[in-house]
Amino acid sequence: MAIMEHAYYASFGYQITSFFAASSRYGTPEELKELVDTAHSMGIIVLLDVVHSHASKNSADGLNMFDGTDSCYFHSGPRGTHDLWDSRLFAYSSWEVLRFLLSNIRWWLEEYCFDGFRFDGVTSMLYHHHGMGQGFSGDYSEYFGLQVDEDALTYLMLANHLTHTLYPDSITIAEDVSGMPALCSPISQGGGGFDYRLAMAIPDKWIQLLKEFKDEDWNMGNIVYTLTNRRYLEKCIAYAESHDQALVGDKTLAFWLMDAEMYTNMSVLTPFTPVIDRGIQLHKMIRLITHGLGGEGYLNFMGNEFGHPEWLDFPRKGNNESYHYARRQFHLTDDDLLRYKFLNNFDRDMNRLEERFCWLSAPQAHVSEKHEGNKIIAFERAGLLFIFNFHPSKSYTDYRIGTALPGKFKIVLDSDAAEYGGHQRLDHSTDFFSEAFEHNGRPCSLLVYIPSRVALILQNVDPPN
């Protein structure tokens, strides 16, 4: 984010004034190249947040009025202005606009060696209504009709074709909230050519649950539906929260869960309070079920991994132009006397386990249970059995869980473990044996002890010959 030059810091880099310049706020172009090279030396892929959906309306230092008219790179009149963003909209049917934007794509790939792009504001580009006032129920009439900006869709296909032709290993991600069909299908099949789309409904669902519902009223079926509501063979990037949820006026997931107690009760030297206990346990469960069930990629927004206690804010009149909240406190995870380390440990081991079993690249999960009364969700993916007990108070002894696999199972991840700030209610030396007893549509099943507010992953370690 905020790489392309922008005049207004509070735009987070989304009101671009110079598309071919790296923002001078953070260093020189050579230092940005060094950053990318260093990441590559560590095996890290670097994607650029590219903003080709609109541009700053500044005429002194931007493209607006570049030739003295309002239509040099943009649509003239009302069509050329985004009412909510107060910015200019490109005329994608213009050859010069296509040359400008496509050369911008190639320049960032070749000059700075980025590995691909996350395209910002794709929903705004796809439709003449820019997504404003639209609910997008999923009816196909919403996606195919005169409301679609065919010029913008054609540009996105050209941009993906150029990116993947020049650099076949590059990655492109669409920020599209509408769910436009085939946006992530190959261009050769008539699709948009993106590799992934952001699963934008997922973080909104978690914030809605925390804002509007008591824990005992969470709907398991609705959670599963939101996490799995994607078209087959169109890959999604799942995430529990991002800057969209944690900006000024709202809070991070951790802050919604624990609020002011994060400043007073996160010390390991003090007893768990009910608020901190609930927050730590649910924070882990939310991230794991999003990771395991929500898509084919997982996005962690900075600070999510340890439950950052504060929202994001930018210098503005409302806070006396303060930079106080325009940063992350990464030192919190390094303090052994604070409980943030538990959340970070869980995030580390969750991702290491995915590296072992590759569930993100596995076929979509088979959900065998979403029990509203018991608040249990169970599913299988990549040969692992995921079990979640979202009930705030009930634990279950000998709870029967269906599985496709016979044989012996062992716990490979347990959110209740001591190193994750849990209560150590499970014995990891326990063997669980599935039997040929059909349950919830699965040919086998096993009996498991599932404490309240706990997530488990079981591995089949000894299948019968």
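**Entry 1: the largest nonpolar core**

I looked up the largest nonpolar core and found 52 residues in it, of which Trp206, Trp218, Ile289, Ile377, Phe388 and Phe390 touch the most other members. Helix H9, residues 274-293, supplies the largest share of this core, namely eight residues. I then asked why the core lies between domain 1 and domain 2. Both domain 1 (4-359) and domain 2 (363-460) give residues to the core, so it lies between them. I note here that the model is a predicted one.

I took Trp206 as an example and listed its contacts, leaving out residues up to four places away in sequence. Trp206 touches Trp218, Ile223, Ala240, Leu253, Ile286, Ile289 and Thr290. Apart from this core I found another, of 47 residues, with Tyr14, Val50, Ala159 and Leu183 among them. As background, nonpolar side chains in soluble globular proteins tend to be buried together.

**Entry 2: the two domains**

I checked how the protein chain is divided: domain 1 covers 4-359 and domain 2 covers 363-460. Their centres, taken over C-alpha atoms, are 32 Å apart. How many residues of each domain are in contact with the other? I found 37 residues of domain 1 in contact with 32 residues of domain 2.

**Entry 3: rings**

I searched the whole structure for aromatic pairs and got 32. I picked out Tyr73 and Phe100, a tilted pair with 5.2 Å from centre to centre and 55° between the planes. The two residues are 27 apart in the chain: Tyr73 is in the loop between strand S3 (48-50) and strand S4 (81-82), and Phe100 is in helix H2, residues 95-111. Is Tyr73 buried or exposed? Tyr73 counts as buried because its relative accessibility is 14%, under the 20% cut-off. Phe100 is buried too, with a relative accessible area of 14%.

I also looked for charges over rings. The charged end of Lys235 sits over the ring of Tyr196, 4.7 Å from the ring centre. Likewise, the charged end of Lys251 sits over the ring of Trp256, at 4.6 Å from its centre.

**Entry 4: His283**

Which residue does the side chain of His283 meet in a polar contact? I found the side chain of Arg287, at 3.0 Å.

Leaving out residues up to four places away in sequence, I have His283 touching Glu241, Leu253, Ala254, Leu257, Asn304, Gly307 and Leu343. Of these I checked Leu253, which is 30 residues from His283 in sequence and 7.3 Å away in space, C-alpha to C-alpha. Leu253 is also on the contact list of Trp206.

**Entry 5: two loop residues**

Where does Thr252 lie? I placed Thr252 in the loop between helix H7 (243-246) and helix H8 (253-258). Thr252 is buried, with a relative accessible area of 3%. Beyond four places in sequence, Thr252 touches Glu241, Ala246, His308, Glu310, Trp311 and Arg328. Glu241 is also touched by His283.

Ser23 is in the loop between strand S2 (16-22) and helix H1 (29-41). I read its relative accessible area as 5%, and Ser23 is buried. Its side chain and that of Glu5 are joined by a polar contact of 3.5 Å. With residues up to four places away not counted, Ser23 touches Ala2, Ile3, Met4, Glu5 and His6.

Key: Residues numbered from 1 in each chain as written. Predicted model: local features only at pLDDT ≥ 70, side-chain atom pairs only at ≥ 80, totals over all residues. Heavy atoms only, no water. Core = buried A, V, L, I, M, F, W, Y, C linked by side-chain atoms within 4.5 Å. Buried < 20%, exposed > 50% of the residue type's maximum accessible area, 1.4 Å probe, protein only. Helix = DSSP H or I, 4+ residues; strand = E, 2+ residues; numbered from the N terminus. Domains from an automatic or database assignment. Contact = heavy atoms within 4.5 Å. Phe/Tyr/Trp six-rings, centres within 6.5 Å; stacked < 30°, edge-to-face > 60°. Lys NZ or Arg CZ within 6 Å of the ring centre and 35° of its normal. Polar contact = N/O pair within 3.5 Å; in protein donor to acceptor, adjacent residues only side chain to side chain.
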